[in-house]
Amino acid sequence: MNQQGIFEWTVDAAVIDRARVLRGWTRRDLARQAHVDEGTLCDLFAGRRRPTFGTLRALCQCLGVSLEAVIAFEERSVSAAGQTAAKLTF
């Protein structure tokens, strides 16, 4: 059986939201401070859209949070039959 590894990443928006709350900022404050569109931020917290790395970097820098704290990488092995397996989180 031929298997190929595929890496995917997910965002833990709760880490960003906790850091925002600890600073006493509203979501609007965070959007302004990070120069990120409020709609993009709203989609991130609602889980409707995954932000770009640039957006995540801006949010993390603004909040003093590392990218590693908000991004989880998953490796999925895809066989010829289309089955997936395995998970790695950093």
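**Helix ends, core and rings**

A: Start where α4 ends: G64 follows α4, and its phi is positive, near 75 degrees. Keep in mind that this is a predicted model.

Q: Which residue follows α2, and what is its phi like?
A: H35 comes after α2, and its phi is positive too, near 55 degrees. H35 is not a glycine, yet it has that positive phi.

Q: Where does H35 sit?
A: H35 is in the loop between α2 and α3.

Q: Is H35 buried or exposed?
A: Exposed. H35 has 74% relative accessibility, and anything over 50% counts as exposed.

Q: Let's zoom out. How many helices and strands does the protein have?
A: Five helices and three strands. Along the sequence the pattern reads β-α-α-α-α-α-β-β.

Q: How much of the protein counts as buried?
A: Of its 90 residues, 34% count as buried.

Q: And the contacts: what share join residues at least 24 apart?
A: That share is 57%, taken among contacts between residues at least 6 apart in sequence.

Q: Now the core. How many residues are in the largest nonpolar core?
A: It has 21 residues. Those with the most contacts inside it are I16, L30, L41, L59, L63, V65 and V70.

Q: Which elements give two or more residues to this core?
A: Four helices do: α1 (13–22), α2 (27–34), α3 (38–46) and α4 (53–63). The top giver is α4, with five residues. As a general point, nonpolar side chains in soluble globular proteins tend to be buried together.

Q: What does V65 touch?
A: V65 touches V15, A19, C60 and V70. That leaves out residues up to four places away in sequence.

Q: Back to α4. Which of its residues are buried?
A: T55, L56, L59, C60, C62 and L63.

Q: Where do they fall, seen down the axis of α4?
A: Within an arc of 165 degrees, so the buried residues line one face of α4.

Q: Why would residues a few places apart point the same way?
A: An α-helix has 3.6 residues a turn, so residues three or four places apart point the same way.

Q: What about α2, which residues are buried there?
A: L30, A31 and A34. Those residues cover an arc of only 100 degrees around the axis, which puts them on the same side of α2.

Q: What covers the buried residues of α2?
A: The cover includes α1, α3 and α4.

Q: Is C62 buried or exposed?
A: Buried, because its relative accessible area is 16% and the limit is under 20%. C42 is partly exposed, with a relative accessible area of 39%.

Q: How many aromatic pairs does the structure hold?
A: One. It is formed by W9 and F53. Their ring centres are 4.5 Å apart and their planes are at 25 degrees, so the pair is stacked. Stacked means planes under 30 degrees apart.

Q: Which of the two rings is buried?
A: W9 is buried, with a relative accessible area of 14%. F53 counts as partly exposed, at 39% relative accessibility.

Q: Which residue lies over the face of W9?
A: R50 does, at 4.1 Å from the ring centre. There is also R23, which lies over the face of W25 at 5.2 Å from the ring centre.

Q: Last one: E8. Where does it lie?
A: E8 lies in strand β1. E8 counts as partly exposed, at 35% relative accessibility.

Q: What is E8 in contact with?
A: A72, F73, E74 and R76, leaving aside neighbours within four places in sequence. E8 and E74 are 66 residues apart in sequence, but 5.2 Å apart in space, C-alpha to C-alpha.

Conventions: Residues are numbered from 1 along each chain as its sequence is written. This is a predicted model: local features need pLDDT of at least 70, side-chain atom pairs count only at pLDDT 80 or more; totals for chains, interfaces and linings use all residues. Side-chain values use heavy atoms; hydrogens and water are left out. A nonpolar core is a set of buried Ala, Val, Leu, Ile, Met, Phe, Trp, Tyr and Cys residues joined through side-chain atoms within 4.5 Å. Buried means under 20% relative accessible area, exposed over 50%, partly exposed in between (1.4 Å probe, protein chains only). Contact means heavy atoms within 4.5 Å. Rings of Phe, Tyr and Trp (its six-membered ring) pair if their centres lie within 6.5 Å; planes under 30 degrees apart count as stacked, over 60 as edge-to-face and the rest as tilted. A charge sits over a ring if NZ of Lys or CZ of Arg is within 6 Å of the ring centre and within 35 degrees of the ring normal. The arc is that of the directions from the helix axis to the C-beta atoms.
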